[in-house]
Amino acid sequence: MTYEQKITLLKEKIRSADAVILGAGAGLSTAAGFIYSGERFDRHFSDFSAIYGIKDMYTGGFVAMKLPPEEMWAYWSRFIHINRYTDPPKDTYQRLFALIKDKDYFVLTTNVDHCFQKAGFDKHRLFYTQGDYGLFQCSVPCHQKTYDNKEIVDRMLSEQKGMKIPAALIPTCPVCGKPMTLNLRSDNTFVEDEGWHTAAQRYNEFLRRHEGLNLLFLEIGVGYNTPVLCTASTGNIKIHTKQQSTEILLLNYQFNNHVSERRAA
Ligand SMILES: [Zn+2]
């Protein structure tokens, strides 16, 4: 089947489905131009690169986590600003939205960069399972709440000198006074706040409402680490594939034997 034929088939599957469940991973944001290395990295992080030998934003994030807080937040505020509060260079998300906006759809994503909402997707039809660069949480965490970070990140960005933010801007928990951290799932300290639980509930309700209908599960841009729809779980979410009329299509997929075997079973 040629590329064009595959695209035509995909459009037909979307058209004929009663509802579309979209799973999206990092590959979609990469396709939209959120590249973590090369020119985009050099433009914003050449000073960190010169001193710490960092070559890309992703691995640099781990290095930055071990720096003193003034430097760590100088790094992360730049990172958050360009990957969360700036639009991606390409219109990939808008074009995807144009394809499914008139369908009954739901999006489940491991992406934490807010691109779906920026492109017009209805936030009530989105479930960000792994967090959001735009939210802080207590690092302990002493309570299950998250905090919008735009205002403080903007200040960290504009008030940093060299590679340090002023100590007064280091974010601390309003309840226990310990350091704040990003609301990103990396271990069991991840805060699943009220918004997270509401979205999880909406997703489960969406599946329940569409039981027995012709569903299309469309998985885009996922890799080994963060499959969204086609493994047993992401967080506590499981795909419901027992319905006879369910179709699964994969785009831009980093293939993995484990996943393909599961699909065949
Ligand atoms: Zn706390």
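## Overall composition

The chain contains 10 helices and 8 strands; helices (H or I, at least four residues) and strands (E, at least two) are DSSP runs numbered from the N terminus. The structure is a predicted model, in which local features need pLDDT of at least 70 and side-chain atom pairs count only at pLDDT 80 or more, while totals for chains, interfaces and linings use all residues. Residues are numbered from 1 along each chain as its sequence is written.

Of the 265 residues in the chain, 34% are buried. A residue is called buried if 20 or more other C-beta atoms lie within 10 Å of its own, exposed if 12 or fewer, and partly exposed in between, with C-beta atoms placed from the backbone. Two residues are in contact if their C-beta atoms, placed from the backbone, lie within 7 Å. Among contacts between residues at least 6 apart in sequence, 72% join residues at least 24 apart.

## The sheet β5-β4-β6

Three strands form an open sheet in the order β5-β4-β6, with antiparallel pairing. β5 and β6 stand at the edges with a single partner strand each, so one side of each is left without a neighbour in the sheet. Neighbouring strands of this sheet are turned by 50 degrees against each other on average, direction ignored. Two strands are taken to pair if DSSP finds at least two bridges between them.

Strand β4 spans residues 131–138 and is joined to β6 by 5 bridges. Within this pairing, G131 has L184 as its bridge partner, and C138 has M180. On the β5 side, β4 pairs over 3 bridges with residues 146–148, where F136 stands opposite Y147.

Strand β6, residues 180–184, is mostly covered, with 4 of its 5 residues buried.

## Two loop residues

The loop between β4 and β5 holds P141. A cis peptide bond joins V140 to P141, with omega at about -15 degrees.

H114 belongs to another loop, which runs between β2 (104–109) and α7 (115–118). Phi of H114 is near 70 degrees, a positive value in a residue other than glycine. With 18 other C-beta atoms within 10 Å, H114 is partly exposed.

Helix α4 covers residues 57–65, and M57, G60 and A64 are buried in it. These residues cover an arc of only 55 degrees around the axis, which puts them on the same side of α4; the arc is that of the directions from the helix axis to the C-beta atoms. An α-helix has 3.6 residues a turn, so residues three or four places apart point the same way.

The face of α4 turned away from its buried side carries the exposed residues T59 and F62. The buried residues pack against α3 (38–52) and α5 (69–84).

Two packed helices are described by the angle between their axes and the distance between the axes. Here the axes are lines fitted to C-alpha atoms, for helices over the stretch in contact, and angles run from 0 to 180 degrees between N-to-C directions. Angles under 35 degrees count as roughly parallel, over 145 as roughly antiparallel, 65 to 115 as roughly perpendicular and the rest as oblique. A crossing is left-handed if the near helix is turned anticlockwise from the far one by less than a right angle, and right-handed if clockwise.

The axes of α3 and α4 come within 11 Å and cross at roughly 45 degrees, and these helices are therefore oblique to each other. The crossing of α3 past α4 is left-handed. F41, F45, F48 and Y52 of α3 make the contact with M57, G60 and V63 of α4.

For α4 and α5, the axes come within 9 Å and cross at roughly 150 degrees. α4 and α5 are therefore roughly antiparallel to each other, and their crossing is left-handed. In this pair, M57, G60, G61, A64 and M65 in α4 meet M72, Y75, W76 and F79 in α5.
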